[in-house]
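Notebook open, viewer open. I'm going through this one contact by contact and jotting down what I look up.

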Amino acid sequence: MAKTANINIRIDPETKTSAEELFSSFGITITDAINIFLRKAIMEGGLPFEMKQPRYNMETETAMKEARAIMKGQKKTKRYPDAHTLFEELDAEGDSE
């Protein structure tokens, strides 16, 4: 029999249960899945999947694009001489609503 080594990990119970259900549908255990992951990572020389930034909802994506355009000077914004003037205008807008 091959020698084995133990790895202890902490994971929230819901994730563990979901993973167990998923892997059992393939006929494998979490241990099998982790072994597959580790072997694939070794073969790839890194993580066996592409790392990406999380996707945001449309409103957040739009706000981020607008912020980038402002930082690049592609979108003109109103300027204030100081924070006090900005807050006065914001307060006035709030009063008129």
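I started with a side-chain to backbone contact: the side chain of Glu-61 reaches the backbone nitrogen of Tyr-56 at 3.4 Å. My cut-off for a polar contact is a pair of N or O atoms within 3.5 Å; within protein, one must be able to donate a hydrogen and the other to accept it, and residues adjacent in sequence count only if both atoms are side-chain atoms. Glu-61 sits in helix H3, residues 58-71. Leaving out neighbours within four places in sequence, I find Glu-61 in contact with Arg-55 and Tyr-56, where contact means heavy atoms within 4.5 Å.

Ground rules, before I go on. This is a predicted model, where local features need pLDDT of at least 70 and side-chain atom pairs count only at pLDDT 80 or more, while totals for chains, interfaces and linings use all residues. Residues are numbered from 1 along each chain as its sequence is written, and side-chain values use heavy atoms, with hydrogens and water left out.

**Helices**

I take helices as DSSP runs (H or I, at least four residues), numbered from the N terminus; strands would be E runs of at least two. For the expected span I use 1.5 Å times one less than the number of residues.

Asn-57 caps the N-terminal end of H3, with a side-chain oxygen 3.2 Å from the backbone nitrogen of Glu-59. Just after H3, Gly-73 takes a positive phi of about 75°.

H4 covers residues 83-96, and its 14 residues reach 20 Å from first C-alpha to last, close to the 20 Å expected. What caps the N-terminal end of H4? I find Asp-82 there, a side-chain oxygen lying 3.2 Å from the backbone nitrogen of His-84.

H1 (residues 13-25) has 13 residues and reaches 18 Å end to end by C-alpha, close to the expected 18 Å. Just after H1, Gly-27 has a positive phi of about 80°.

**Salt bridges**

How many salt bridges does a search of the whole structure find? I get four, with a side-chain nitrogen of Lys or Arg within 4 Å of a carboxyl oxygen of Asp or Glu as the criterion.

- Glu-44 pairs with Lys-40, closest N and O atoms 3.0 Å apart. They are four residues apart in helix H2 (residues 30-44), so about one helical turn separates them. Glu-44 is partly exposed at 47%, and Lys-40 is partly exposed at 34%.
- Glu-66 pairs with Lys-75, closest N and O atoms 3.2 Å apart. Glu-66 counts as partly exposed at 37%, and Lys-75 also comes out partly exposed at 37%.
- Lys-78 and Glu-89 meet at 3.0 Å, N to O. This pair links distant parts of the chain, Lys-78 in the loop between H3 and H4 and Glu-89 in helix H4, 11 residues apart. Lys-78 is exposed at 57%, while Glu-89 is partly exposed at 25%.

**Nonpolar surface**

Next I looked for greasy surface. A nonpolar patch of about 880 Å² is made by Ile-7, Ile-9, Ile-11, Ile-34, Phe-37, Leu-38, Leu-47, Phe-49 and Met-51. Patch members need over 30% relative accessible area and no salt bridge, with nonpolar side chains (Val, Leu, Ile, Met, Phe, Trp, Tyr) joined within 5 Å and like charges within 9 Å. The areas come from Shrake-Rupley with a 1.4 Å probe, and for residues only the protein chains shown count as cover.

I checked one member, Ile-7, which lies in the segment before H1. Is Ile-7 buried or exposed? It counts as exposed, at 61% relative accessibility.

Ile-28 is in the loop between H1 and H2, and is partly exposed at 24%. Not counting residues up to four places away in sequence, Ile-28 touches Phe-23, Ala-33 and Ile-36.

Last, two C-alpha to C-alpha distances. Leu-22 and Asp-95 are 73 residues apart in sequence and 54 Å apart in space; Leu-22 is in helix H1 and partly exposed at 43%. Ile-7 and Lys-75 are 68 residues apart in sequence and 52 Å apart in space.

Terms used. Buried < 20%, exposed > 50% of the residue type's maximum accessible area, 1.4 Å probe, protein only.
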